[in-house]
Amino acid sequence: MSRIADNMQGVHARIADAAEKVSRDVQTISLLAVSKTFDAQAVLAAAQAGQREFGENYLQESLEKIDELARLQNNGDMPAGVDASLLKWHFIGPIQSNKTRPLAEHFDWVHSVDREKIAQRLSEQRPPQLPPLNICIQVNISGEDSKSGVAPADVAALARTIAGLPRLRLRGLMAIPRAADAFEAQRVPFRALHMLYLQLQKEGLPLDTLSIGMSADLEAAIAEGATIVRIGSAIFGQRNQGRTQ
Ligand SMILES: *Cc1c(COP(=O)(O)O)cnc(C)c1O
């Protein structure tokens, strides 16, 4: 078994354990493999191990990777059992408003929408032959100046705007809280996001996705309702410093 397949098995076991501890059905939690800084071969190794959903942070890098996988597919160079056209791509990085078109054209999900202008452009630029683009709003849940994301108080208004845009499908909330080591400390910002999510649902917004939890804190995120965990280094290994957020 490849190292990546081996790591994936470990991550699936962590997800199952965490779900069991809080009596959640493991089927309600999906694994997003964050392949930023790793090449198309790493994506293929994960895909061979059954992974279908991939997360990327850097636009240019991700477009090259998606292109290369399509080229391998067209040349008949895919490993057995892998079909590049079945892979789903999630953009989870910061968005520049002049770079929305390739996101609208090449991705299935965008988790990092934090302003109306971006949402409007994504809706206008989503090609008509594709299904609506799945959207999560990134929330600055720890209130850090340096992190992107909309302030909790402004989430409801942005959610209503997105819900009304024709080529977007509002799915939920995403956050990257300030890092903490202890389980209970990790839970605090996730719990705040979960409460906000439940409040918005109560107000009638059709949310089904809470995108929280990374390699170091997926257990705390699952305890607080994560439906997508975004896992990079625990699957692919340590990234080179300098490219990470
Ligand atoms: C890099 C990244 C991840 C994955 O982080 P790991 O700690 O490597 O699991 C998840 N979400 C976002 C937004 C990221 O930028």
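By class, the shell around the ligand in this predicted model consists of five nonpolar, five polar and three charged residues, where Ala, Val, Leu, Ile, Met, Phe, Trp, Tyr, Cys and Pro count as nonpolar, Asp, Glu, Lys and Arg as charged, and the others, Gly among them, as polar. There are 13 residues around the ligand, and Lys36, Asn57, Ser215, Ser233 and Arg239 come nearest; a residue belongs here if one of its heavy atoms lies within 4 Å of the molecule.

A polar side-chain atom of Ser215 lies 2.5 Å from a ligand oxygen, while a backbone N or O atom is at 2.7 Å in the case of Ser233 and at 2.8 Å in the case of Gly232. Of the 390 Å² of accessible area that the ligand has on its own, the protein covers 93%, with areas from the Shrake-Rupley method and a 1.4 Å probe.

The second largest pocket has a volume of about 390 Å³, the space filled by probe spheres set on grid points joined across faces, edges and corners. On a 1 Å grid over the protein atoms alone, a pocket is an open set of points where a 1.4 Å probe fits, with protein on both sides within 12 Å along at least five of seven lines, and lining residues have an atom within 4 Å of a point. Of its 17 lining residues, Ile66, Ser85, Leu87, Trp89 and His106 are the closest to the centre. Two or more lining residues come from each of α3 (59–74), β3 (88–91) and α4 (100–106), and α3 gives the largest share, five residues.

The chain has nine helices and eight strands, taken as DSSP runs (H or I, at least four residues; E, at least two).

Residues are numbered from 1 along each chain as its sequence is written, and side-chain values use heavy atoms, without hydrogens and water. Local features need pLDDT of at least 70 and side-chain atom pairs count only at pLDDT 80 or more, whereas totals for chains, interfaces and linings use all residues.

Methods
Polar contact = N/O pair within 3.5 Å; in protein donor to acceptor, adjacent residues only side chain to side chain.
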